[in-house]
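Please read the points below with the structure open beside you, and check each one against the picture as you go.

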Amino acid sequence: MKPSETYSQLRQSDDNISTSPKLEAEGLPLNPRHDWTRNCLFILLGILGAVTCLILGYVAHPKAQPTPPTTPKTWKTTSTSELHCGNSSSEARALGCVFDLLTNNWMPQYCADPYTDGEYRAWVTDAGRELGAWAFYHDDKAERQVASEEELSDLVGKHVWTTTENHLAHCVFLARRMHRLVTGEITAVAHNTFAHTMHCTKAVLKALQATGEQSGDVAQIGSTFDVGIVSCLV
């Protein structure tokens with residue numbers, strides 16, 4: 001008869017107890033802190049992945065490419081040509097030019113402005129002017145009057161005298177013409193140098209300064225001009 005075998009329970013220290021895979025499978029946490037760290041890593045990786053996809057999609061999309069800097073616009077320059085009226089009143093007429101009373105010059109019709117020219121003509125032919133209508137003279141004593149506008153237009157290169165009143169009116173109506181140019185009502189002007197603008201504005205300022213001191217000055221023969229021929233650019 002075999003002797004009976006007895007088994008005694010083997011005591012093990014806590015350090016020797018190995019973790020059973022079964023316990024992990026049953027969901028028993030080994031270390032809650034480790035699980036929290038791992039979850040955070042997964043979340044961060046997910047965020048990084050999403051951001052990376054967005055960046056790659058933005059770069060790859062054709063519309064997302066940065067727009068190259070545009071070249072500054074440059075105004076197109078057009079070639080200009082100069083219209084001439086010859087060297088005499090007969091040549092000017094033959095070339096189809098017109099006499100502009102406002103500037104006392106023959107000029108290409110393209111650069112003329114009948115509107116302001118008509119305004120000035122109405123002014124100088126008004127009988128209410130200080131020395132009467134059409135105060136244009138061959139001399140500074142107002143003894144020999146220019147007979148007509150046609151005669152005036154034939155005096156190319158000649159001195160003609162008129163009143164300060166008519167001179168100031170010339171400056172005023174010429175300023176109106178320049179405004180019409182700026183607003184596009186006319187396309188070109190002739191006889192529009194800056195030197196002439198300075199001359200006119202100084203004359204107006206001088207007249208304003210003299211107002212009340214010698215009110216009769218505007219009626220005097222105090223201005224002179226040369227009948228001329230001008231060209232213009234188109």
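1. The buried residues of helix α4 (residues 114-124) are T116, D117, Y120 and V124, where buried means under 20% relative accessible area, exposed means over 50%, and partly exposed lies in between, with a 1.4 Å probe and protein chains only. They cover an arc of only 105° around the axis, which puts them on the same side of α4; the arc is that of the directions from the helix axis to the C-beta atoms. On the other side of α4, P114 and Y115 are exposed. The cover over the buried residues of α4 includes β2, β4 and α6, and contact here means heavy atoms within 4.5 Å. Helices (H or I, at least four residues) and strands (E, at least two) are DSSP runs, numbered from the N terminus.

2. A word on the origin of these values: this is a predicted model, in which local features need pLDDT of at least 70 and side-chain atom pairs count only at pLDDT 80 or more, while totals for chains, interfaces and linings use all residues. Residues are numbered from 1 along each chain as its sequence is written, and side-chain values use heavy atoms, with hydrogens and water left out.

3. In the loop between β3 and α4 you will find D113, which is buried, with a relative accessible area of 2%. Leaving aside its neighbours within four places in sequence, D113 touches R177, R180 and I186. The C-alpha atoms of D113 and R180 are separated by 9.1 Å, although the two residues are 67 residues apart along the chain.

4. How many disulfides does a search of the whole structure find? The search finds two, a disulfide being a pair of cysteine sulfur atoms within 2.5 Å. In general, a disulfide is a covalent bond between the sulfur atoms of two cysteines.

5. One of the disulfides joins C85 to C97, with an S to S distance of 2.0 Å. C85 lies in the loop between β1 (82-83) and α3 (89-94) and C97 in the loop between α3 and β2, so the pair ties together parts that are twelve residues apart in sequence. The torsion about the S-S bond of C85 and C97 is about -95°, so this disulfide is left-handed. C85 counts as buried at 2% relative accessibility, and C97 counts as buried at 8%.

6. Another disulfide joins C171 to C200, with an S to S distance of 2.1 Å. This pair links distant parts of the chain, since C171 is in helix α6 (residues 164-182) and C200 is in helix α7 (residues 194-210), 29 residues apart. The link of C171 and C200 is left-handed, with -80° about the S-S bond. At 7% relative accessibility C171 counts as buried, and C200 counts as buried at 7%.

7. Helix α7 has 17 residues and reaches 24 Å from its first C-alpha to its last, close to the 24 Å expected at 1.5 Å a residue; the expected span is 1.5 Å times one less than the number of residues. In α7, H196, C200 and A203 are buried, and they cover an arc of only 60° around the axis, which puts them on the same side of α7. An α-helix has 3.6 residues a turn, so residues three or four places apart point the same way. The buried residues of α7 pack against α6, whereas on the other side of α7 the exposed residues include F194, A195, K202 and L205.

8. An open sheet of three strands has the order β2-β3-β7, with mixed pairing, and two strands pair if DSSP finds at least two bridges between them. β2 (98-100) and β7 (228-229) stand at the edges, each with a single partner strand, so one side of each is left without a neighbour in the sheet. β2 and strand β3 (residues 105-107) pair in the antiparallel sense over three bridges, and D100 stands opposite N105 in β3.

9. Finally, S153 belongs to helix α5 (residues 149-153) and counts as buried at 4% relative accessibility. Leaving aside neighbours within four places in sequence, the contacts of S153 are S89, R93, F99, W106 and V227.
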